[in-house]
Amino acid sequence: MSEILVLVEHVDGEVKKVTLELLTLARSLGTPAAVWAGPGITADAKAKLAAYGADKIYVAGSDDVVDHVVAPKAELLAQLVADKAPAAVLVAATAEGKEVAGRLAVKTDSGVITDAVGLREGFVADQSIFGGGVNVQSRVRRGTPIVAVRPNSTAPEAAAGAGAEEEVAVSLSDGAKAARIVERVKQEKGARPELTEAAIVVSGGRGVGSAENFAIIEALADSLGGAVGASRAATDAQWYPHQFQVGQTGKTVSPQLYIAAGISGAIQHRAGMQTAKNIVAINKDPEAPIFELADYGVVGDLNQVVPQLTEEIEKR
Ligand code: FAD
């Protein structure tokens, strides 16, 4: 079966969950080969990649690959596309993944699909486009299909691959080295999962009413082991930090469960969450547009509903 390259997302030597999802997806379409960019691959990371089906692990371990923003990753993948002629390249539809995908498409003269939420035989992707307003099936007709897949679109399932490691020496162009990372500032990482990777997201909107009241949203998220999100109305009001905004100009999430509390369901908010598998809306207005999208709806005051829900979940 033909090889499918999967760009590994990793932090501090740990493989992110989205990569395991991509390997699982790649297995259904061919033979996955993981591509690790940068130094610091650990024995644990290799074992994990193999456990989720990586037949090969290409390692470009030079510092250069991660010291120059995203361009080197696109050059690394372009080199592998030329050398290995893979059937497709999969990356995570994260901010970085999408930029890598775009640059790679230009370098390899290939078509690119972003924000895929599924991928089938023939590399036909289910894709959410126009800010999430339309779902389409797309297929790349030119070059090597490059597909950026949204986190949480596939349930990761282990199935061992050979995990044969192969060193890759990548010679970067001057252009790829034009911008150098001079400092990395770690974002405060609480106990909660990262918003774009979380299987459960609880978001609050203008209906939450204040920054202090976001504590009830956080409590519900914590009771479910989920992440906290917010609408733009809430982030613009500085009730919650902008990095947690969900929507067209915020993060895109595709969790198994999305709970929207005090959010009306404007198109720009939907753009970031409508591919969630299950949507629960809590809103005091029965006419709120979010109910058109919701699988389950609770018409009521979130100040009562949210704490009651948290209490009930914590009992179990
Ligand atoms: P509202 O629309 O004001 O809705 C508040 C809801 O809370 C109402 O439905 C109300 O019934 C309910 N409510 C009030 N009190 C309670 C209570 N006590 N209990 C239960 N329910 C209650 N928005 C985003 O979210 N993300 C984006 O990325 C984004 N990008 C944008 C980009 C552009 C270019 C533009 C023009 C807009 C963008 N917006 C975005 C803004 C978007 O249009 C909406 O204004 C925003 O999503 C509204 O947020 P909201 O639903 O929290 O507030």
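**Close-up views of a predicted model**

**View A.** D109 counts as partly exposed, at 45% relative accessibility, where buried means under 20% relative accessible area, exposed over 50% and partly exposed in between, with a 1.4 Å probe and protein chains only. The structure is a predicted model, in which local features need pLDDT of at least 70 and side-chain atom pairs count only at pLDDT 80 or more, while totals for chains, interfaces and linings use all residues. Residues are numbered from 1 along each chain as its sequence is written, and side-chain values use heavy atoms, with hydrogens and water left out. D109 lies in the loop between α5 (95-108) and β7; helices (H or I, at least four residues) and strands (E, at least two) are DSSP runs numbered from the N terminus. Although D109 is not a glycine, its phi is positive, at about 55°. Most residues other than glycine have a negative phi.

**View B.** V69 is another residue with a positive phi, near 50°, without being a glycine. V69 sits in the loop between α3 (64-67) and α4 (71-84), and with a relative accessible area of 41% it is partly exposed.

**View C.** D67, in helix α3, counts as buried at 19% relative accessibility. When neighbours within four places in sequence are left aside, D67 is in contact with A179, R180, I181 and R184, contact meaning heavy atoms within 4.5 Å.

**View D.** The largest nonpolar core has 31 residues, and those with the most contacts inside it are W36, L49, L90 and L119. Such a core is a set of buried Ala, Val, Leu, Ile, Met, Phe, Trp, Tyr and Cys residues joined through side-chain atoms within 4.5 Å. Two or more residues of this core come from each of β1 (3-7), α1 (17-27), β4 (31-37), α2 (43-51), β5 (56-60), β6 (88-92), β7 (112-120) and β10 (146-149), and α1 gives the largest share, 6 residues. Apart from its neighbours within four places in sequence, L90 is in contact with I4, L5, V6, L7, L22, L25, A26, L119 and V147. A second, separate core of 28 residues includes A37, A71, A78 and I146.

**View E.** The second largest pocket has a volume of about 500 Å³ and is lined by 26 residues. On a 1 Å grid over the protein atoms alone, a pocket is an open set of points where a 1.4 Å probe fits, with protein on both sides within 12 Å along at least five of seven lines, and lining residues have an atom within 4 Å of a point. The volume is the space filled by probe spheres set on the points, which are joined across faces, edges and corners. R206, S231, G262, I263 and S264 lie nearest the centre of this pocket, and the elements that give two or more residues to its lining are α7 (232-236), α8 (267-270), β15 (278-283) and α10 (302-315). The lining residues divide into 6 nonpolar, 15 polar and 5 charged, where Ala, Val, Leu, Ile, Met, Phe, Trp, Tyr, Cys and Pro count as nonpolar, Asp, Glu, Lys and Arg as charged, and the others, Gly among them, as polar.

**View F.** Q308, found in helix α10, counts as exposed at 55% relative accessibility. Q308 and F214 are 94 residues apart in sequence and 15 Å apart in space, C-alpha to C-alpha.
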